[in-house]
Amino acid sequence: MGTLNPAQAVTEDTADIGVKPHYLVVMGVSGTGKTTVATGVATRLGWNFQEGDALHPQSNVDKMSAGKPLTDEDRAPWLELCRDWLREQVKLGKGAVLTCSALKRIYRDTLSKGLPVEFVHLQISPDVLTERMNQRSGHFMPPSLLPSQLATLEEPGDDEPVIRVSGEAPPPLILEKLLSRLRDRK
Ligand SMILES: Nc1ncnc2c1ncn2[C@@H]1O[C@H](COP(=O)(O)OP(=O)(O)OP(=O)(O)O)[C@@H](O)[C@H]1O
Ligand SMILES: O=C(O)[C@H](O)[C@@H](O)[C@H](O)[C@H](O)CO
């Protein structure tokens, strides 16, 4: 849940010129800046936005809040809801962005099967992540779950529909970089 607003720092003249609708899943482990970047993209381009964390069953939120990592079984119903949302957005046809950790390849395959979904992987070092998680307050995810998040992450392969962006720059710069990558992607 980012407090920074990258969209504010983007000037009018860099606008959304040349960005056609995409269906993005901003992925990565907890604290990478998914919400910050995804809300920036959605605000800038007028696309629909869904916070993936809001689709978790309460049992998953309770489990993570108690410092216990989710299993494949825990994540399955959540991924289905994420996929339902993406499917609906593709039907609407105006572009959309979802935050979802999508840590394993099989999760990404579930989300994108038969849909024109692309993943935005925010890459960030464990040290920066730890610092961010420790500084963040008011979020259910405890920093103690970071090692299991990192151990579970399967980096997207070159055969996957992925846009890799460094998540370490200030949010406005990440947003500019991503918009430029989207403009280049037809
Ligand atoms: N590029 C950035 N530089 C510095 N701080 C950032 C950056 N992006 C996000 N942050 C801060 O790091 C914290 C995590 O960001 P955010 O909530 O967007 O991550 P997230 O990946 O959505 O996390 P989660 O999956 O746990 O909800 C927040 O306090 C946010 O303000
Ligand atoms: O797959 C998972 O383990 C979960 O989705 C987590 O990644 C959290 O939902 C999220 O990142 C909140 O911090």
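Which residues are around ligand 2? They are Ser30, Asp53, Leu70, Arg75, Ser101, Leu103, Met141 and Gln149. Around a ligand means that the C-beta atom, placed from the backbone, lies within 6 Å of it.

**View 1. The shell around ligand 2.** By class, three residues are nonpolar, three polar and two charged. Ala, Val, Leu, Ile, Met, Phe, Trp, Tyr, Cys and Pro count as nonpolar; Asp, Glu, Lys and Arg as charged; the others, Gly among them, as polar. This is a predicted model: local features need pLDDT of at least 70, side-chain atom pairs count only at pLDDT 80 or more, and totals for chains, interfaces and linings use all residues. Residues are numbered from 1 along each chain as its sequence is written, while chains are lettered from A and ligands numbered from 1 in the order in which they are written.

**View 2. The shell around ligand 1.** Of its 21 residues, Ser30, Gly33, Lys34, Thr35 and Thr36 come nearest. Helix H1 (34-45) and helix H7 (171-184) each give two or more. H1 gives the most, with three. Helices (H or I, at least four residues) and strands (E, at least two) are DSSP runs, numbered from the N terminus.

**View 3. The open sheet.** Five strands run in the order S2-S3-S1-S4-S5, with parallel pairing. Strands pair if DSSP finds at least two bridges between them. S2 (48-51) and S5 (162-166) stand at the edges with a single partner strand each, so one side of each lacks a neighbour in the sheet. Strand S1 (residues 23-27) and strand S3 (residues 96-99) pair over four bridges. Tyr23 stands opposite Ala96 in S3.
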